[in-house]
Amino acid sequence: MNDERSTILVVEDDRQTRKFLADNLKADGYEPLLAGTVDEALETVDARYPDLVLVDLGLPGRDGLELLEAIRTADPVASRIDATLPLLVLSGRANELHRLRTFERGADDVLPKPFSYPELRARIAALLRRAELRTRRGRLRIGALEVDPAARTAHLHGRAVPLSQKEFGLLRTLASEATRVFTKDELLRNVWGYRNLGSTRTLDSHACRLRRKLSREGEVFVINVWGVGYRLCDGLVGT
């Protein structure tokens, strides 16, 4: 059993195989999520943030390769899909060309069908261990504030800070180069995707809300550099 219940999305259109995987994963302490198509899988990844995805390539409509590509090319700032999500492919296409194409589309591992469940379980555990190490290394710390880009979470003095999608995108961008001043043009392009200068009112209102949410202990993390843009600091007190 896992100390923390890692969530695994099973993308498989065959009901019997899907049930077999769900039952065994649950028995091993994981929390299974189920999808039968690429569209269902993308909706689940966007809404539930699984820790790993098991992908069958032979799906109805759009095949599993399209799912791999959609996840790997997700916008790292604006999208709620984690482009680094571990992807383990289950494939009945066992020849070398298909395996190479699967890796080229972004798979972390490929297990041919029919497969041994104990081997699948071992591969899942290995991918989750590597993902956990990457996540820990990728966390950003600014004073008492910790930002986890992979998990899309922020903690201040160890307590979670609830943020909207755009508030988190703004914080993640500012935290990527703490103390650097980001211009309003940069933030509007990177967080909102504007190609031309849009209304700064949207940016200013989000920055104001973000500043308030990070001011629990009287600290100020988000600094407005007048006439230029915004930057982060490590928590000025009494400013």
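**Legends for close-up views of the predicted model**

**View 1. Strand β8 gives three residues to the lining of the second largest pocket, the most of any element.** The pocket, in this predicted model, has a volume of about 240 Å³. Of its 14 lining residues, Y49, R152, T153, L163 and F168 are the closest to the centre. Elements that give two or more residues to the lining are β8 (153–156) and α6 (165–176). By class, the lining has eight nonpolar, four polar and two charged residues. A pocket is an open set of points on a 1 Å grid over the protein atoms alone, where a 1.4 Å probe fits, with protein on both sides within 12 Å along at least five of seven lines; lining residues have an atom within 4 Å of a point. The volume is the space filled by probe spheres set on the points.

**View 2. L9 is found in strand β1 (residues 7–11).** L9 is buried, with a relative accessible area of 0%; buried means under 20% with a 1.4 Å probe. Beyond its neighbours within four places in sequence, L9 is in contact (heavy atoms within 4.5 Å) with residues including L33, L34, A35 and A41. The C-alpha atoms of L9 and L87 are 9.7 Å apart, at a sequence distance of 78 residues.

**View 3. The protein chain has eight helices and twelve strands.** Helices (H or I, at least four residues) and strands (E, at least two) are DSSP runs. Buried residues make up 41% of the 239 residues.

Residues are numbered from 1 along each chain as its sequence is written. Local features need pLDDT of at least 70, side-chain atom pairs count only at pLDDT 80 or more, totals for chains, interfaces and linings use all residues, and side-chain values use heavy atoms, without hydrogens and water.

Notes:
Buried < 20%, exposed > 50% of the residue type's maximum accessible area, 1.4 Å probe, protein only. Nonpolar A, V, L, I, M, F, W, Y, C, P; charged D, E, K, R; others polar.
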